[in-house]
Amino acid sequence: MNPIKNINIKKNNLLWLLGILVLTFIAYFPVFQNNFLSTWDDNRYVLENPLIKSLSFQNIINIFTQYYDGHYHPLTQLSLAIDYQIAGLEPWIFHFTNFLLHLINTALVFYFIYILFKKPVIAIITALLFGINPMQVESVAWITERKNLLFAIFFFGSLISYVKYIKLEKRKYYYISLLLFLLSVLSKVMAISLSVTIIAIDFALNRKLLSKKVIIEKIPFFLLAIIFGIFAIFAQKSTWGEELSQNYYTFFERLLFASYAFIHYILKLIIPVNLSGYYPYPDISNNSIPFQYWLYPIPVISIILAFIYSLKRSRILSFAMLFYIINIFLLLKLFEVPAGDYIMADRYSYIASVGVFILIGIGFNYIINNKQQLKKILQIILIVYVLFLCLQTFNRTIIWR
């Protein structure tokens, strides 16, 4: 593998990124007039949270040594505490920080894809769809989901540093990547999927996955993932007790529900309609799962087969599918965590969505480079699609008010 020494972004691509950020700002503009959702977690996380009311040394120690509301995410608590010190319980400061974090994440997604594949069109499409997609509104417009946005910043930063470590062959980037991973899991435990995501990066960059060097590199990441995974289980049990699930289903039933969620996340990311803050499990009071749920394993198996088929044909295609699978797997509720009486949640797709958007970017890039007769039509379709997404995001941001 020949390392790419120059990973700087060209000026015209930076202008594209600026345009994406401006479009994202417009789409989310109503968020600055939103209030607290005082009956839906914002009361516990902000309004009634004693840990964010002070930045004293003792309180900071408390933040890092206590579970809170079934979670351990001290950096998230600390960020909320900083907002509180700036403007008290004024909702605008919390919404401003959330939105700023999303803008930074959008830029990081662009840079990550850019330096990973050196294909500007794919990076532009991926970042654009990530920034303006209505599925992201829940993470941005809901103050409680600060943890989602904050862990993502360190998550993408860690991936970028890991790519730099491989391409520039400088050990310091490995340690930076590991440090950022630690900060990510201190923001939200779902960041543990990064320990597997970096293996997907190794594959994308054609590294020898079973070499001693590559295996040893992963040990610190997996150790941190295991430690914080254990923290998460104990934290949830500290609030919900030994029985984490609020719905008691067999593993086979959960498998059907997970298949449903796996496919619907993809569908809603591409065609974001009928979004909701709450997606309940189906009614199986008569001990009968609705027929349609039995069908969802079929497209799931088809996607897995497509992934296997792509392994020796296109590493970028394989990476995109693998990125989605890795980062949605733990959120499919196959097991008792994450707890909750809902089958899926928009916020769970925040990181995993990048895999879906890369696939769209790959398709767009292929057509404009190989199907000149379709280029103009595709550009028109993209413009209409982007306007549709922006309008949906704008309106959904108002709904979250």
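Modeller: First, a term. A cavity is a set of grid points where a 1.4 Å probe fits but cannot get out. Keep in mind that this is a predicted model.

Biologist: OK. How many cavities of 30 Å³ or more are there?

Modeller: The count comes to three.

Biologist: And how much space lies in the largest cavity?

Modeller: About 120 Å³.

Biologist: Which residues are the closest to its centre?

Modeller: F151, M190, N327, L331 and Y348. They belong to a lining of 16 residues.

Biologist: Which elements give two or more residues to that lining?

Modeller: Helices α8 and α14 do. α14 covers residues 315-329.

Biologist: What classes do the lining residues of the largest cavity fall into?

Modeller: There are 11 nonpolar residues, three polar and two charged.

Biologist: Let's switch to helix packing. At what angle do α4 and α8 pack?

Modeller: About 110 degrees, with the axes 9 Å apart. α4 spans residues 74-87, and α8 spans 146-168.

Biologist: So what do we call that arrangement?

Modeller: Angles of 65 to 115 degrees count as roughly perpendicular. So α4 and α8 are roughly perpendicular to each other.

Biologist: Is the crossing left-handed or right-handed?

Modeller: α4 passes α8 in a right-handed crossing.

Biologist: Which residues meet there?

Modeller: From α4, L75, T76, S79, L80 and D83. From α8, R146, K147, L150 and F154.

Biologist: And by class, what does that contact have?

Modeller: Four nonpolar residues, two polar and three charged.

Methods: Residues are numbered from 1 along each chain as its sequence is written. This is a predicted model: local features need pLDDT of at least 70, side-chain atom pairs count only at pLDDT 80 or more; totals for chains, interfaces and linings use all residues. Side-chain values use heavy atoms; hydrogens and water are left out. Axes are lines fitted to C-alpha atoms, for helices over the stretch in contact, and angles run from 0 to 180 degrees between N-to-C directions. Helices (H or I, at least four residues) and strands (E, at least two) are DSSP runs, numbered from the N terminus. Angles under 35 degrees count as roughly parallel, over 145 as roughly antiparallel, 65 to 115 as roughly perpendicular and the rest as oblique. A crossing is left-handed if the near helix is turned anticlockwise from the far one by less than a right angle, and right-handed if clockwise. Contact means heavy atoms within 4.5 Å. Ala, Val, Leu, Ile, Met, Phe, Trp, Tyr, Cys and Pro count as nonpolar, Asp, Glu, Lys and Arg as charged, and the others, Gly among them, as polar. On a 1 Å grid over the protein atoms alone, a cavity is a set of points where a 1.4 Å probe fits but cannot get out, and a pocket is an open set with protein on both sides within 12 Å along at least five of seven lines; lining residues have an atom within 4 Å of a point. Grid points are joined across faces, edges and corners, and a volume is the space filled by probe spheres set on the points.
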